[in-house]
Amino acid sequence: MLNVVIFGPPGSGKGTQSERLVKKYGLAHLSTGDLLRAEIAAQTPLGMEAKKLMDQGILVPDEVVIGMVDHFYEKNKNASGFLFDGFPRTVAQAQALDKLLEQKNSGIHIVLALEVDEEELTKRLLNRAKSSGRTDDSDEKIIRQRFEVYKRDTTPVADYYRAQNKFHSIYGMGTIEEVFDRLCQSIDNYIQR
Ligand code: AP5
């Protein structure tokens, strides 16, 4: 079993790279952003509550997200591994994930953090806004808010995994292919060690 976390600020390429990584390594793709957007599309009560927060660039409460992750994990428990994308985003979520995996006699093996500068991140998000229909992409004020939330609530998760020697920093600038090669190199090094 291989459990990977892909980590990084909004627009760093987590979703783009996840699509490729799950194909190459045969992993189940758990994106909490995608799960929440599916709830919004289905107009569930959870989706309607989440939308209010997501449109402002604020995190959805930990217990809501952890519940969704639990459910996804159960539904895919026969997978040969998971790629966690956009989760965990707080230390409380990271602790809950460790607990969940421990109950299944498993754990996180490697955390890959995409490093991209803010100017490039903003450019990518505003560019995606033209076609994504994502409210949180189209307004620079909301984008800045997402960066602030990332710095305040999510960067401590990096320290959590550094303390476990699982954290790998990956240069996230350059073409999609170049970044993909760097990610694969880190995963392959882990598998072969
Ligand atoms: P989420 O959906 O997770 O969004 P995010 O983390 O803000 O990340 P993005 O999807 O914006 O970016 P990405 O890193 O995946 O980059 P992508 O590959 O798309 O979360 C949205 C909201 O949901 C949160 O704000 C929060 O409210 C809520 N939420 C989600 N998870 C939560 C959790 N665990 N707890 C609480 N709340 C949660 O790429 C971006 C663009 O750049 C694309 O157009 C892409 O084509 C382009 N691109 C990618 N790579 C490159 C490259 N190398 N060169 C040029 N362009 C590139």
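Mentor: Helices α1 (14–25) and α8 (176–192) pack at an angle of about 45°, with their axes 10 Å apart. Helices here are DSSP runs of H or I with at least four residues, strands are runs of E with at least two, and both are numbered from the N terminus. Each axis is a line fitted to C-alpha atoms, for helices over the stretch in contact, and the angle, from 0 to 180 degrees, is taken between N-to-C directions. The model is predicted, so local features need pLDDT of at least 70 and side-chain atom pairs count only at pLDDT 80 or more, while totals for chains, interfaces and linings use all residues. Residues are numbered from 1 along each chain as its sequence is written, and side-chain values use heavy atoms, with hydrogens and water left out.

On this scale, angles under 35 degrees count as roughly parallel, over 145 as roughly antiparallel, 65 to 115 as roughly perpendicular and the rest as oblique; α1 and α8 are therefore oblique to each other. The crossing of α1 past α8 is right-handed, a term for a near helix turned clockwise from the far one by less than a right angle, with anticlockwise giving left-handed. From α1 the contact (heavy atoms within 4.5 Å) takes T16, Q17, R20, L21, K24 and Y25, and from α8 it takes I176, E177, V179, F180, L183, C184, I187, D188 and I191. These residues of α1 and α8 divide into nine nonpolar, two polar and four charged, where Ala, Val, Leu, Ile, Met, Phe, Trp, Tyr, Cys and Pro count as nonpolar, Asp, Glu, Lys and Arg as charged, and the others, Gly among them, as polar.

A pocket is found on a 1 Å grid over the protein atoms alone: it is an open set of points with protein on both sides within 12 Å along at least five of seven lines, whereas a cavity is a set where a 1.4 Å probe fits but cannot get out, and lining residues have an atom within 4 Å of a point. The largest pocket has a volume of about 1100 Å³, a volume being the space filled by probe spheres set on the points, which are joined across faces, edges and corners. Its lining holds 49 residues, and G11, K14, R128, R134 and R146 lie nearest the centre. With six residues, α1 supplies the largest share of that lining, which by class has 17 nonpolar, 19 polar and 13 charged residues.

Among the other contributors, α6 (residues 118–132) and α7 (residues 140–162) pack at about 130°, their axes 11 Å apart; these two helices are therefore oblique to each other. Their contact is made by E118, L121, T122, L125, L126 and R128 of α6 with E140, I143, R146, F147 and K151 of α7, a set of five nonpolar, one polar and five charged residues. The second largest pocket, of about 200 Å³, also draws at least two lining residues from each of β4 (110–115), α6 and α7, and α7 gives the largest share, six residues. By class its lining has 10 nonpolar, one polar and four charged residues.
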